[in-house]
Structures are given as C-alpha cells and as structure tokens.
Amino acid sequence: MKPEIRGFWAGSAARVATAQEVAKPDRPLRPFSAFAALIFSLALLAALGAFLSLAVSGIQRADECLHLTQASWQEVASSGFSAPPASLDSRSLPDEWRATALPLSLHAASPANAHRIIWVRLSVTGPQSVTESLALYGARLKTDGPVALYVNGKLVYRGQQRGQQWNSLFTPLWVPLEPGVSEAPVREILVRLEHTAQYPVAVSSLWLGPADALRGRYQTRQWLQQGLPAMLNAAFLAVGVFALFVWFKRKHEPGYLLFFNLAVIAFAAHLHYYVDLPIANDWFGWLVVNSLCWLLTVGHFFLRLLHGRPLRWLSRGMIAAPVLIGVATMPVSWALPNTQFMLAVIYALELMMAMVVGLVGGICTWRSSREGRLVVVAVAICVLLGVSDWMMHNNVVSPEGWFLGAYTNGVTFIFFGLLMYRRYMHAIEEVERVNASLAERLRLREVELEQSHQRLREIEQRQLLSDERQRLMQDMHDGLGSTLISAIRSVEQGRMGDTEVSQILKDCMDDLKLAIDSMEPVEADLLLLLATLRFRLEPRMEGANVALVWDVGELPPLDWLDPSSALNILRIVQESVANILRHTRATVIRVATAAESAGVQVIIEDNGQGFDVATALWRSTGRGLQNQQRRAQAIDGRVDWKSGDTGTRFTLWLPLQRGI
C-alpha cells in the first residue's frame, strides 16, 4: 500500500495512552546530578542560540530575495516515469498554459492515464544579485515521481524517485545554482513533476536569492520538519529500550514490555522519513499501514491496564483486525489490489478502531484516574495533529504548511515525561511521608526505651544498694561484730588488759575503714586500691617505727575488680601487714608488684623473725593465715608464704580473668 495518507492520529493516540502504566515506579528514581544537568542545559541553549541566529540572519536579508508567487502550469499525459532532458525550452511544450498563484494544489483525477507530468513555469523579472551565489528554495514539491528543475532552459536539479523521503513531504527544496548558471540573470524557472494519476500534486511558492540569505529559512524548516522529529523519535525509542531492560527485572509487570513494543513500532513507522532505506514503496506502505493497526492494539492493552477491565471481545477484535489487515494488504499477487479506494477503506477501518479504542478507554478511565483524563487529552491532541496531516496529504490545506503528525512521538514523549514526573513526585512524597512516620515511630520508641532504661537503671541501682548494704552488714557481722563480741567477753571475764583492748579496738577501726575504702570506685586498677591501703596503714607503721618501702609498678587492669573483691584483697594485705607488726619485730616492710602472663602478684617482705608456715596454718592460733587463704580462693587467687631467719616473703597472686 502507498503511505500517502498518514494515520498519525491513530498511532499517536495509542502511543500516548501508554505513558501512565509505564510511569509507575516502585521506588523513586534517582535524578541526574546537578552538574550534568547544567552542562546539558547550557549545551542545548548554545545550540539553539546558534540555530536561531542563523535563521534570523537569513530572514533579515529577505529584501535581497525574490518571492515567486505567480506561475503558469499545464498537465500532459505520460507513458511512465522517464529521465528528463538535459535542456528544455518551454516554448517547445504545448501552448496550454494556465495562470495560477503559488502555492498550487491539484487534486487526484480519474486514471485516464497511469502517469502524468505537471509543468510549472515561473517568470523572474525582479533584480538579482550578481556578486553572490544564488540558490532556489521552496517549502515543498509534493509528488510521487521524479522531480526536475530547469533554470533558463538548463537542467539544474534532478531528483530520482526514492520513496517518501525524496518527494519532499518532509524535506524542503534547496537547489544551489552553479556558477555557470548564476552568472546570467535568471529569467525563467521550469518545474517538471511526474506523478501517478491518483496522486494529489502540490507546489509551494519559491524563493530565489543569495544562498547565504536563504540558507536560514531552509535550515529552519529542515530542522523543524525533519531533525527535531527524528531526535524525538530516537528519544522515544531509547526510553522504550530502557523499559525493556526494566521488564527483564520485573517480568510480572507487562506494561514495560508493551511500551517497548510501542516504541519500536512507532520508530519503524517513522524511520523511512528520516533515513533513506532500500525498501520498496509497496512494502514500505504495507509497513506504515500495519504499524498503525498494531499501535492501536498496543494502545488498547495499555488502556486496559489503566482501567483494569478485561474487555475480552474488544481485545480479541483488536488482535484479529491487524492480523487480517496485514494479510490482506501484503504486496503479493493474491492480496487485495493496491488502489486509492482500497487505501481509503483501510484508513476508514483504522479510524473506526481508533475511535473505539479512544472512546472505550476514555470512558473506562475518566472517572477512575486523574492521569487517565490526562491521557485522553493527549489522545485528542494527537488526533488533531493527525487530522492536519490528512488535510496536508489530500491538499485540503496549503502545501507550505507543516506535517504536525511528525510530532506525535514528541507529544507522547512529553506526556510520558509529565506522567513520570507526577509519579516520581508522588513517590518522593510517599517516601517522605513514610520517613516522617518512621521517624515519629522511632522517636516514640526511643522515648519508650529511654523510660524503660531509666526504670531498669533505678531497679538496678536499688538492687546494687541492697546488695552492697547486705554485703556490708555481712562483713561487719563476720569481721567487726565477731571481734567486738570476743573482746567484750574477754573484758567481762577479766582476761584482757587495757593494752589488748586498745589493740582490738584499733583492729576494729582498721576493719571498718577497709569496708569503707572498698566502696570507692577503683575502675579495675589494683594500684589505686593498694594506694588507698597505704594511706590507711602508714600512720600505724610510723607509730611502730617501721619503714615502708613502696616498690610497685604498672599492672594490667583487673576487669572483675568489684567492691566485694576489693574488700577481700584489702583484708588479705592488711592481715599480712598486721601479722608483721604484731609478731616479727621487723623494722622494714617492702610492698612490691609483678605482672605475669595470666595474672599479677602483690609481694610483701619484711626483715623480722621468721616462723614455721606449716605449723602456723594448722594451729588453732593460725586463723589469720587461713582467713587469707579463704579470701584468696573466693576471688580465684592464691597466697604463699616463705619464711626464714632473715624475714618472711608473702605473695598474693590474682588472675587477669576470673575462672582462669
């Protein structure tokens, strides 16, 4: 089939309907960096500025150009497309010229002859530049056959038939005149248009002038009619490919795959207008017609995803219709004939399909989705663009107009971006709302945990106070209380003198001080604990004329050193010093420390009289040594005595970790 009447309204309506479903993100998209966006924006603005400056410079020199709007034309029969002669005098043509104003639009006629030639003659009478190269520019020469241009009887342009890209539906006419031609003033321009009898031919007005003055007009129309739509078409395809890769990861969402199919079909339907492909016209026409049908089918399924209704009979019809039309219109001998009437019937069927898809989809989505209403508006815009193209193809409007259907992909892309932006902002707002909710829940949870922690700390503090009180009571009962009771009984029975009673009271006072000192925080530092004991014992040693040698060094921390363990260590060391002061008549006491791999040592040496360690441990009077052993075992430590004539060495070994 020939693609003379483009159904942009049909395919575009289907393409725009895809945007909403694909634009449903599961998570907010990460935006481009600000720097990259700034660079891209500046580059785009620079390119647009350069383009506009070029266009404006050409428009400003319009007074140097001749705008040719009057011509005469005639039509002659032809046996087929043929090569134009290298030179031609218009006086050799039949004298059947008819005056006309440009642009000229001729409607299709009955096929009395299969091929015809339209001759358009323009007389040039205005002033022309003789110092600059001239060029001929026109908005459009519309035909389905070869085009030839003669200037002063000499062939200056010959366009071979290359399908829809060549026949200037999108490409404006630009003919630089060779130096040999432009040296003489242009007096006559003759345009030769070959076409089939059923094709509506059109010729726009022409401009003649310096090439630099006309180039801005030509490039402006070239970019707006070809370059920009091609860029939008490529962008649409790129988004479709991106949707395909998304579908690979989210195969449970068919919207992404449908959008990819839509982008590929739309790209294929428009590609021949921007790229010269070696495709026969009949197969290209078949591709265009059937791509519109499949675009409508894909659009229907997208709309069905939006409103959620199955519409089984309509869905089956939207699948069957493209299949039947595709088979019936194949350019083969057994298919339907390739005639203008059959082409009109096919486009009428596509119009009915577009109306049904748009009407049903609009009714089903109008109330259920605000975005559905936006899609309906986009469909209406694309329909209007397609109608303008239909009018242009059939010469209802001037051939100097614009094929707006080329921008249907751009409209689709814009609305897709708008819907994606709405979904993106909605996702951002939803994330912010969820984050705010989580932050509030976290704050309440933190308050609850803080209150719970405070209660636990209060309970723990009370428990610690209770345990410490119980420990002190037990220590005072076992130590201080027992000593005082024994002293009271001995005094009552008259077995103690004043000196002995005084010594017992001093021992009780020292024991009470040790209990108080054990409550001080030592932070696992044994040296700090020994320094506290030194402060307590030095006055007694000075009173007994005993010198104290303090030879302690750095020790590793004992993490298990709590108040109870500290009291046991203090009592062990105090008992050892007290025994030296009572029994050995020593004049020097040395306190030292040492570190080992598994523990630490506290060493106490004196130069007094020695004693038999084994006898002292097993005699009833050796309860002090036994108490030291018992207290050391309570903290997983051990004690050792070595005594001789020159003195006694007492060693307390403490582990770095309890249980070793």
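This report describes the fold, the nonpolar cores and selected residues of a predicted model.

## Basis of the model

Because the model is predicted, local features require pLDDT of at least 70 and side-chain atom pairs count only at pLDDT 80 or more, whereas totals for chains, interfaces and linings use all residues. Residues are numbered from 1 along each chain as its sequence is written, and side-chain values use heavy atoms, with hydrogens and water left out.

## Overall organisation

The chain has 16 helices and 18 strands; helices (H or I, at least four residues) and strands (E, at least two) are DSSP runs numbered from the N terminus. Of the 660 residues in the chain, 45% are buried. Here buried means under 20% relative accessible area, exposed means over 50%, and partly exposed lies in between, for a 1.4 Å probe and protein chains only.

A contact is defined by heavy atoms within 4.5 Å. Among contacts in the chain with a separation of 6 or more, 80% are between residues 24 or more positions apart.

## Nonpolar cores

In soluble globular proteins, nonpolar side chains tend to be buried together. A nonpolar core is taken as a set of buried Ala, Val, Leu, Ile, Met, Phe, Trp, Tyr and Cys residues joined through side-chain atoms within 4.5 Å. The largest such core has 37 residues, and those with the most contacts inside it are Leu 526, Ile 569, Leu 652 and Leu 654. At least two residues of this core come from each of helices H13 (526–543), H14 (563–584), H15 (613–618) and H16 (623–634), and from each of strands E15 (588–595), E16 (599–606), E17 (638–644) and E18 (647–655). Apart from this core lies another, of 34 residues, which includes Leu 102, Leu 149, Leu 169 and Leu 177.

Not counting residues up to four places away in sequence, Leu 526 touches Leu 555, Leu 558, Leu 561, Ile 569, Val 600, Val 602 and Leu 654.

## Packing of H13 and H14

Two packed helices are described by the angle between their axes and the distance between the axes. H13 and H14 pack at an angle of about 30°, with their axes 11 Å apart; axes are lines fitted to C-alpha atoms, for helices over the stretch in contact, and angles run from 0 to 180 degrees between N-to-C directions. The H13 side of this contact consists of Leu 526, Leu 529, Leu 530, Leu 533, Leu 537, Arg 540 and Met 541, which meet Ala 566, Ile 569, Leu 570, Val 573, Gln 574, Val 577 and Leu 581 in H14.

## Buried polar residues and a strand glycine

Ser 565 lies in helix H14 and counts as buried because its relative accessibility is 5%. Its side chain is joined to that of Asp 562 by a polar contact of 2.7 Å. A polar contact is a pair of N or O atoms within 3.5 Å; within protein, one must be able to donate a hydrogen and the other to accept it, and residues adjacent in sequence count only if both atoms are side-chain atoms. Beyond four places in sequence, Ser 565 touches Trp 560, Ile 635 and Arg 658. Ser 565 and Ile 635 are 70 residues apart in sequence, yet 6.3 Å apart in space, C-alpha to C-alpha.

Gln 226, in helix H5 (residues 211–249), is likewise buried, at 10% relative accessibility. The Gln 226 side chain makes polar contacts with the side chains of Thr 171 (3.2 Å) and Gln 222 (2.8 Å). Gly 647 lies in strand E18 and is buried at 11% relative accessibility. Leaving aside neighbours within four places in sequence, Gly 647 is in contact with Asp 606, Asn 607, Gly 608 and Lys 642.

## Backbone features in loops

The peptide bond from Leu 102 to Pro 103 is cis, with omega near 10°. Pro 103 is in the loop between strands E3 (98–101) and E4 (104–106).

Asn 545, a residue other than glycine, has a positive phi near 55°. Asn 545 lies in the loop between H13 and strand E14 (547–551) and is exposed at 66% relative accessibility. Asp 636, also not a glycine, has a positive phi of about 60°. Asp 636 is found in the loop between H16 and E17 and is partly exposed at 31% relative accessibility.

## Cysteines

A search of the whole structure finds zero disulfides, a disulfide being a pair of cysteine sulfur atoms within 2.5 Å. Cys 293 is buried at 0% relative accessibility, and Cys 364 is buried at 9%.
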